[in-house]
Amino acid sequence: MQQPRVTIRDVAEHAGVSVATVSKVINQRYGVAADTMARVQAVIDELGYEASLVAQSLRNHRTNVIGILVADLEPFSTELLKGAADAIRGSGFELVVYSAGGRTGDVVGWERRYLSRLSGTLVDGAVLVTPTVVDVNYGAPVVAVDPHTGTSGFPTVDADSLRGARLATEHLLSLGHRRIAMLGGRPDLESAKLREQGYREALAAAGVPVEESLVRVGGYDADLSALAAHELLTGPQRPTAVFAANDVTAIATIEVATDLGLRVPTDLSVVGFDNIPESALCVPQLTTINQPIRTMGEHAVEMLIRLIRGEPVERTHLTLATELVVRSSTTRA
């Protein structure tokens, strides 16, 4: 049976003081004797009382809570949340994570719906993770991480996807590969477009024509990527290497190759993108492009806190560097 929520009146009754006195203790106001304050605080701890965020916001017009809004909890957003948690420590703010669990009906415009539900009472500002649109009217500070449309009027934090894709493709070219396939990301996401652009630019710079039959959509989704990888690897002229637009896609490609009896990297070299923790745990360990996801989350929250406090922000559009991490999923052709 669900226990009733402890109220400020419960605290006052147990401590033998007025509601006004409890309120002064909670809000650290003057006018309460030290022994009374200690007694009230002891009751608060004993009963596990927490002030309602809604009530607090109505009184103070501030909740000291930041919202992290994600379409789904998957490896990228999960890693980013770790960075957000790093940044929030010692700041006086708390985090609330809001996700619809990747419902298909929420793919486009989900951030408008989420913000409308949180606006006014629950959070002082929000970080939008890979938002599909950035023209939302919220009335409070908002920072976008890896927005689908690229930089906008909103402050943004992303990583250098174009350079990262070039590095991945150049690595495979340096190993002698020429039939290099690409399993791209979601076509609506700006970073996915930049990764395909980097792949094409690296091939062109090396004088290697792009074979369009080797360019497929993985959609950053393991199941969709597995189907695309199976088509590539069972075709009449399979590639000797695959550049996958994210690590989830790359790991799915390795699994498909193994199921087909191909050895990675002897028969097929694979490079991913993201450097999520799973990339160092799969067999073989994945060569990938490191984008500092955790640092992106940290910078986004730090930027948002400064905006909430009305402090100056030196750079409102921040692009972090990417780098190649060579492991054991790639070898010479």
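Strands E8 and E9 run parallel and are joined by 3 bridges; strands (E, at least two residues) and helices (H or I, at least four residues) are DSSP runs numbered from the N terminus, and two strands pair if DSSP finds at least two bridges between them. The model is predicted: local features need pLDDT of at least 70, side-chain atom pairs count only at pLDDT 80 or more, and totals for chains, interfaces and linings use all residues. Residues are numbered from 1 along each chain as its sequence is written, and side-chain values use heavy atoms, with hydrogens and water left out.

**Around strand E8**

- Ala241 in E8 has Ser269 as its bridge partner in E9, and Ala241 is also the bridge partner of Ile180.
- Strand E6 (residues 180-184) pairs with E8 in the parallel sense, over 4 bridges.
- From strand E8 (residues 241-244), Ala241 and Phe243 point one way and Val242 and Ala244 the other way, and all are buried (under 20% relative accessible area, with a 1.4 Å probe and protein chains only).
- In a regular strand, side chains alternate between the two faces of the sheet.

**The open sheet**

- Six strands with parallel pairing form an open sheet in the order E2-E1-E3-E4-E5-E11.
- Strand E2 (94-99) and strand E11 (317-320) stand at the edges with a single partner strand each, so one side of each has no neighbour in the sheet.
- Neighbouring strands of this sheet are turned by 20° against each other on average, direction ignored; axes are lines fitted to C-alpha atoms, for helices over the stretch in contact, and angles run from 0 to 180 degrees between N-to-C directions.
- Strand E1 (residues 65-70) pairs with strand E3 (residues 125-129) in the parallel sense over 4 bridges, and Ile68 stands opposite Val127 in E3.
- Helix H6 (residues 110-118) packs on the sheet and touches E1, E2 and E3, its direction making about 155° with that of E1; contact means heavy atoms within 4.5 Å.

**Helices**

- Helix H5 (residues 75-88) has 14 residues and reaches 20 Å from its first C-alpha to its last, close to the 20 Å expected at 1.5 Å a residue (1.5 Å times one less than the number of residues).
- Among the buried residues of H5 are Phe76, Leu80, Ala84 and Ile88.
- The buried residues of H5 pack against E1, E2, E3, strand E4 (142-145), strand E9 (269-274) and helix H11 (293-309).
- The axes of helix H2 (residues 19-26) and helix H3 (residues 34-47) come within 10 Å and cross at roughly 85°.

How values were computed
Buried < 20%, exposed > 50% of the residue type's maximum accessible area, 1.4 Å probe, protein only.
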